[in-house]
Amino acid sequence: MTQVRDFEQEFLDKIEKEVKIEARDWMPDAYRKTLIRQISQHAHSEVVGMLPEANWITRAPSLRRKVALLAKVQDEAGHGLYLYSAVETLGAKREDTIDDMHEGRAKYSNIFNYPTLTWADIGTVGWLVDGAAIQNQVMLTRTSHGPYSRAMVRICKEESFHQRQGYEIVMTLAQGTPEQKEMAQDALNRWWWPSLMMFGPSDAESTHSQQSLAWKIKRQGNDELRQEFIDKTVPQAEYLGLTIPDPDLKWNEERGHYDFGKINWDEFLNVIKGNGPMNRSRLRARKAAKDNGAWVREAATAYAEKKAKRKAQSAA
Ligand code: 3HC
């Protein structure tokens with residue numbers, strides 16, 4: 001008698017035994033769909049995330065700062081490329097996922113819909129935003145999907161450098177003149193709460209967490225990661241002599257964690273629905289980049305086609 005393979009059971013066994021799911025492996029449609037959604041949104045975040053920082057490249061206060069910022073922005077473009085490639089291993093078309101973002105069908109991180117008003121914002125984005133991204137993405141190095149987990153390993157190494165360069169900028173300002181310290185405090189005041197929102201809604205409100213945890217796409221819930229980030233970041237702010245803008249923030253000896261105040265989830269929902277201070281400007285910039293780059297894509301395609309034709313002719 002021929003044995004019928006139970007693909008779903010094989011998939012679940014692999015998840016159970018921590019064997020990565022690779023591009024050619026069978027996977028449930030919903031697992032594939034969740035990954036396409038999450039990874040493409042992650043890729044969009046990396047690419048949109050270049051905009052608020054690129055805004056300061058021409059105004060960086062020294063050549064050293066400019067070089068580091070340029071490198072950081074280029075790294076983010078690279079992260080987008082690894083992630084779009086990981087999405088393609090799942091059978092999705094990169095162009096389609098990008099169109100989904102441009103047409104408002106796909107999200108990108110809430111955080112990039114806030115403006116970078118001063119140089120201190122560039123330091124604070126590195127410190128808090130890249131810090132929060134690392135907190136989430138170190139967990140994702142252990143995700144069950146092979147291509148995503150491998151992309152995460154490299155991305156995390158680069159994000160660590162970004163976090164350090166940001167913290168160093170803020171440290172310089174915090175130890176500078178009273179005006180510079182005030183600028184650092186002002187940036188912290190504006191970026192703290194949106195950074196906490198980056199981890200997503202609380203576990204009770206999260207649409208996808210339960211299933212994603214079962215499939216080991218996510219290895220920790222949104223609330224746990226947010227708490228770990230707060231516990232790590234509060235001492236860093238204390239070291240800088242800066243104040244976290246949360247009157248309810250207090251060490252809880254019993255829990256072994258900081259208690260913190262209520263997050264404004266209405267603001268979060270408003271921003272991810274497209275109504276944050278910079279949503280329209282970010283999408284306008286991304287669409288313009290796509291339109292203005294059309295001739296480059298056409299030229300590259302024509303060149304590749306011509307090269308393939310020549311190769312085929314010389315092989316004939
Ligand atoms: N910004 C925008 N939307 C968010 C969000 C955020 N910070 N957090 C959650 N959401 C959205 C979800 O996408 C989902 O909407 P959808 O169904 O339309 O996709 C909805 O809110 C409910 O949230 P869930 O908790 O159910 O969603 P997830 O299970 O996907 O968890 C997540 C959210 C923790 C952000 C997860 O998707 C994740 O880990 N993503 C990968 C990491 C990532 O995207 N990071 C972007 C950070 S920026 C970055 O890396 C750039 C670097 O340079 C700093």
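In the predicted model described here, a polar side-chain atom of Arg37 lies 2.9 Å from an oxygen atom of the ligand. A polar contact is a pair of N or O atoms within 3.5 Å; within protein, one atom must be able to donate a hydrogen and the other to accept it, and residues adjacent in sequence count only if both atoms are side-chain atoms. An N or O atom in the side chain of His208 is 2.6 Å from an oxygen atom of the ligand, and a polar backbone atom of Asn110 is 2.9 Å from a nitrogen atom of the ligand. Of the 1000 Å² of accessible area that the ligand has on its own, the protein covers 90% (areas come from the Shrake-Rupley method with a 1.4 Å probe; for residues, only the protein chains shown count as cover). Two or more residues of the shell around the ligand are given by each of the elements α2 (29-48), α6 (119-140), α7 (146-174) and α11 (265-275). Such helices are DSSP runs of H or I with at least four residues, strands are runs of E with at least two, and both are numbered from the N terminus.

As this is a predicted model, local features need pLDDT of at least 70 and side-chain atom pairs count only at pLDDT 80 or more, whereas totals for chains, interfaces and linings use all residues. Residues are numbered from 1 along each chain as its sequence is written, and side-chain values use heavy atoms, with hydrogens and water left out.

The ligand is surrounded by 32 residues, and the closest are Glu76, Lys107, Gln137, His208 and Lys218; a residue is near a molecule or strand if one of its heavy atoms lies within 4 Å of it. By residue class, the shell around the ligand holds 12 nonpolar, 13 polar and seven charged residues. In this division, Ala, Val, Leu, Ile, Met, Phe, Trp, Tyr, Cys and Pro count as nonpolar, Asp, Glu, Lys and Arg as charged, and the others, Gly among them, as polar.

Spaces in the protein were also examined. On a 1 Å grid over the protein atoms alone, a cavity is a set of points where a 1.4 Å probe fits but cannot get out, a pocket is an open set with protein on both sides within 12 Å along at least five of seven lines, and lining residues have an atom within 4 Å of a point. Grid points are joined across faces, edges and corners, and a volume is the space filled by probe spheres set on the points.

The volume of the second largest pocket is about 360 Å³. Its lining consists of 16 residues, and Val47, Tyr84, Ile98, Arg286 and Arg297 lie nearest the centre. The elements α4 (63-88), α5 (94-102) and α12 (279-292) each give two or more residues to this lining, and the largest share, five residues, comes from α5. Eight of the lining residues are nonpolar, three are polar and five are charged.

One cavity of 30 Å³ or more is present in the structure, and the largest cavity contains about 40 Å³ of space. Its lining is formed by Lys14, Ile15, Glu18, Val19, Lys20, Arg142, Thr143, Ser144, Lys216 and Arg219. Six of these residues are charged, two are nonpolar and two are polar.

Lys216 is located in the loop between α9 (209-214) and α10 (222-240). Lys216 counts as buried because its relative accessibility is 17%, where buried means under 20% relative accessible area, exposed over 50% and partly exposed in between, with a 1.4 Å probe and protein chains only. The side chain of Lys216 reaches the backbone oxygen of Ile15 at 3.0 Å, and phi of Lys216 is near 60 degrees, a positive value in a residue other than glycine. Glu18 lies in the loop between α1 (7-16) and α2. Phi of Glu18 is likewise positive, near 65 degrees, and Glu18 is partly exposed, with a relative accessible area of 45%.

Helix α10 contains Gln227, which counts as buried because its relative accessibility is 10%. The side chain of Gln227 reaches the backbone oxygen of Tyr258 at 2.8 Å. Asp203 is placed in the loop between α8 (178-197) and α9 and is partly exposed, with a relative accessible area of 35%. The C-alpha atoms of Asp203 and Glu224 are 8.9 Å apart in space, and the two residues are 21 residues apart in sequence. In helix α13 (residues 294-315), Tyr303 is exposed, with a relative accessible area of 56%. Tyr303 and Ala214, 89 residues apart along the chain, have C-alpha atoms separated by 46 Å.
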